[in-house]
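The overall make-up comes first, followed by notes grouped by topic.

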Amino acid sequence: MIDLMKAFDTIDHEKLLYKCNKIGLRGKCGNIIKNYLNNRWVKTRVLNTESKKEKLQYGVPQGSVLGPLLFVIFINDIECILSKGRIFLFADDVLLIYSHDCLDNLVTTLQEEFDKMNLWLVQNELFISESKTKFLLIRSPQFNEQRSAHLMIHNETCTGANCIMNCIRLLNVEDANYLGLTIDSTWSFKYHVDSLIIRLRKMIPKLYTINRILNKKCKLMIYYAWIESLLRYGIEVYGLVYDSVIDRLQKIQNRIINTLFQNHNLRTDDLYKELNILKVRRLCEHVTILNNYYNKDFKPVSIHKASLLRKSSYRFDVIYPKNNFGKRQRSYRIPTLFNSLPERLFNIEGKGKMKKIVKSYLQEK
């Protein structure tokens, strides 16, 4: 997980315009971008004292619509230098991934790819934050090998002999935050659920006050804005954890529903149905179905097997999991989830219509 120091402030305008031209932003469009970047001046004011103006030759305006877009254009060709690793970019959050069943091979290859990235970044005047860049080794809980693994940030003067003295060593961590999700080394998302529960608990005192003031319609708006937005974010990933972890999250959701929509005449389960609110597990299934309904990557079909069975009795292949950890993988969970759906939920035209029908089915499930 690579963090860049002041990434938006160190972009060279000339290099940025060259890359814009290279991807086809030429002519009038290219001139608009050039005029947007040129003739920008900056000065500093402290009380009544001002510095002299300096012309900016680096950086894109932060807080603007074009700023992140121009940064993405600038850094987008970094993936061309990699031969084995995979890179994921979200603005200045850079993720380098490589997988292998041999730890030594994994660390060696990842170091080689990381060195290529570091060299590319230096050449493009982008620099890695040594303190915020993290190395996370994700493994099965059954993997008990205790050897330590680490990566190095090699500087330009590194010759190999003086590497330990002059280069920065990145120790691998047990968990790290990436785009709002706390990822841990065993892919359990226990720490993420813990932090999510803490955030939800802090909202309960506010809900007591809201319960006495607002009507049902406004309470639902509050619930979707404050509560379900937190539960929904990343649930397709963290929702694959063990049932015992989800049970803890379900208890806090029940408490919130009873606090916000207090009704002594209805049981908690009936309250969910009356309000048309999905429980945590059903919400995870709903989001997963919506995101993969038209995606065939996780819905494999074996032509040979399909020919031996009736169409009504066969849908998608499911991989055989070697252990409970394998049952938490998306390649197992998603086909299994779609195989459990009734025939009427397939081939629905229109995403809006499909969303309502699937939610109604899960609510009654």
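The protein chain contains 14 helices and twelve strands; helices (H or I, at least four residues) and strands (E, at least two) are DSSP runs, numbered from the N terminus. The model is predicted, so local features need pLDDT of at least 70 and side-chain atom pairs count only at pLDDT 80 or more, while totals for chains, interfaces and linings use all residues. Residues are numbered from 1 along each chain as its sequence is written, and side-chain values use heavy atoms, with hydrogens and water left out.

**Overall dimensions and burial**

- The C-alpha trace of the protein chain spans about 70 × 60 × 45 Å along its principal axes.
- Of the 365 residues in the protein chain, 39% are buried, where buried means under 20% relative accessible area, exposed over 50%, and partly exposed in between (1.4 Å probe, protein chains only).
- Contact means heavy atoms within 4.5 Å; among contacts in the protein chain between residues at least 6 apart in sequence, 64% join residues at least 24 apart.

**Nonpolar cores**

- A nonpolar core is a set of buried Ala, Val, Leu, Ile, Met, Phe, Trp, Tyr and Cys residues joined through side-chain atoms within 4.5 Å.
- The largest nonpolar core has 57 residues, and L200, L231, Y238, L249 and F261 have the most contacts inside it.
- Helix α6 (residues 190-213) supplies the largest share of this core, eight residues.
- Another core, of 37 residues, lies apart from it and includes I87, Y98, L121 and L151.
- When neighbours within four places in sequence are left aside, L231 is in contact with L196, L200, Y223, Y238, L249, Q253 and L283.

**Helix α11**

- Helix α11 (residues 280-292) has 13 residues and reaches 18 Å from its first C-alpha to its last. This is close to the 18 Å expected at 1.5 Å a residue, the expected span being 1.5 Å times one less than the number of residues.
- The helix is mostly covered, as ten of the 13 residues of α11 are buried.
- The buried residues in α11 are V280, L283, C284, E285, H286, V287, T288, I289, L290 and N292.
- These buried residues of α11 pack against α7 (216-232), α8 (235-238), α9 (243-260), α13 (330-339) and α14 (351-364).

**Individual residues in helices**

- N118 belongs to helix α4 (residues 103-123), and N118 counts as buried because its relative accessible area is 10%.
- Not counting residues up to four places away in sequence, N118 touches I128, I153 and H154.
- G30 is located in helix α2 (residues 27-37) and is buried, with a relative accessibility of 15%.
- Although G30 and L47 are 17 residues apart in sequence, they lie 39 Å apart in space, C-alpha to C-alpha.

**Sheets**

- Two strands pair if DSSP finds at least two bridges between them.
- Strand β6 (residues 86-90) pairs with strand β7 (residues 93-97) in the antiparallel sense over five bridges. R86 stands opposite I97 in β7, and F88 has L95 in β7 as its bridge partner.
- β6 and β7 form a hairpin with two residues between them, and A91 in the turn has a positive phi of about 55°.
- Three strands also form an open sheet in the order β8-β10-β9, with mixed pairing. Its edge strands are β8 and β9 (150-153), each pairing on one side only.
- β8 and strand β10 (residues 168-173) run parallel and are joined by two bridges; L136 stands opposite V173 in β10.

**The largest pocket**

- The largest pocket has a volume of about 1,700 Å³.
- On a 1 Å grid over the protein atoms alone, a pocket is an open set of points where a 1.4 Å probe fits, with protein on both sides within 12 Å along at least five of seven lines; lining residues have an atom within 4 Å of a point. Grid points are joined across faces, edges and corners, and the volume is the space filled by probe spheres set on the points.
- Of the 43 residues that line the largest pocket, L95, I97, I138, I183 and W187 are the closest to its centre.
- The elements giving two or more residues to this lining are β6, β7, α4, β8 (135-136), β12 (181-184) and α8.
- The largest share of the lining, four residues, comes from α4.
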